[in-house]
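Take a look at the fold below. Start with a sheet, then turn to a pair of helices.

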Amino acid sequence: MRIIQGDRLITGDGKTVLPQGAVLVHQGRIAEVGEAPLLQAAHPEAQVVSYPGCTLLPGLVDAHVHMSSLYRRPEKEEMQANPALLMVMVYKHLQDALSVGITTLRGVGEAKGIGAAIRTGYQKGWIKGPRYYTCERSLTRTGGHGSTGEVAKMEVDGPWALRQAVRQTIQEGADWIKVMDSHRGPASEYTLKELRAVTGEAHRLGRKCCIHAGNPQSIRYAIEAGFDSLEHAPFLTGELAGRAVEKGIAWVPTAYVYTRAVEDARRSLSPHPTPHELQSLRFLEETVQGYQDNLLRAWQRGVLIAAGTDICFPEEFITPIQEEVHTLCQLGIPNLEAIACATGNGARLLEGEDEFGFLKAGLCADLLLVEGDPAEEITALSAVRGVYRAGELLYCPDHPKE
């Protein structure tokens, strides 16, 4: 048994901070949570691992990743020809995610078989790192968003073909079903009838489903069709948020990646921009304005918000989860609640709240230690000092005092 302690403990419920907090870890699970002096007195035989000046939190959950994206990657053709090389890149991404405190991931569009292989590798103990939920390949209409996504999509049209695609994706190992339903136009790319076919078949077969919904019509259709989580959805107005709450639909906004994209687009704008450049910038600016108008109100209405990063570009770090949490704070969500978006809320989205996402007795000992107090200064979440997965220290830039 080990007692792992910091100066304080954040449970992941969005409100609770325990001074001198610690966890008692036994056989990879949290046996007790309490104040360090009391746990040490009750368990004098336990090894004590102390992180002075640090905060102890649940391991983080990133609910929107693309571990095998080949978009803009110079090695794309080589990786398409050699899946083994692609898997090496994916493994590096998984270790990078672990290094920032992420112990659970949801892949929302991967090369065929990649997500299921990751999950199997962890289950069999062949590799170590974050647990993995996979959508496998995403579904898109012919010529729709993601249709140029190399190996991470399946082009499908019509209700019955979509039902068959759901079955095929599940056969390939999908935990969730992912639909791409909008790009930069004003309309949903699938009809409401088609989207209802996806949700109906997925739910009938015991799977949840998520949807890329980037414009008002696609968001409205997604809610009417009964998707379980909205991805991006910057135009989730008060009315739509209320309907999402009624249906128990969660939101993974991925606000940071769009905020960063606006900054990059402005910085790289040519002195004499083309109509396409201006249109692209306008789309990004409207998207960010949508988050500014709607995110805080949706949270106040009770929409379950989970953190996701959505990085597809080779020049970017694959899982900037701390930046996403920081962006949620900038949009008005209090620090502890924003941390909950990347811990307990992510677990609830994935129906894993009895296994991870919180620091409480009985759950898996997925732990994050950061220097400082992110409840007071959210940037402290980036100062990672230790990451435990099932009670095993898998990442540590320094060495804890024992």
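What follows covers the sheet and then the helix pair.

This is a predicted model: local features need pLDDT of at least 70, side-chain atom pairs count only at pLDDT 80 or more, and totals for chains, interfaces and linings use all residues. Residues are numbered from 1 along each chain as its sequence is written, and side-chain values use heavy atoms, without hydrogens and water.

Strands of a sheet pair through backbone hydrogen bonds, either parallel or antiparallel. Here, 3 strands form an open sheet in the order S8-S9-S10, with parallel pairing. Strand S8 (60–65) and strand S10 (131–134) are the edges; each has a single partner strand, so one side of each lacks a neighbour in the sheet. From one strand to the next, the twist averages 15 degrees. Strands (E, at least two residues) and helices (H or I, at least four) are DSSP runs, numbered from the N terminus. Two strands pair if DSSP finds at least two bridges between them. S8 and strand S9 (residues 102–107) have 4 bridges, in the parallel sense. Val65 has Gly107 in S9 as its bridge partner.

Now the helices. Helix H9 (residues 255–268) packs on helix H10 (residues 275–301) at an angle of about 140 degrees, with the axes 9 Å apart. Axes are lines fitted to C-alpha atoms, for helices over the stretch in contact, and angles run from 0 to 180 degrees between N-to-C directions. Residues in contact (heavy atoms within 4.5 Å) include Tyr258 and Val262 in H9, and Leu284 and Tyr291 in H10.
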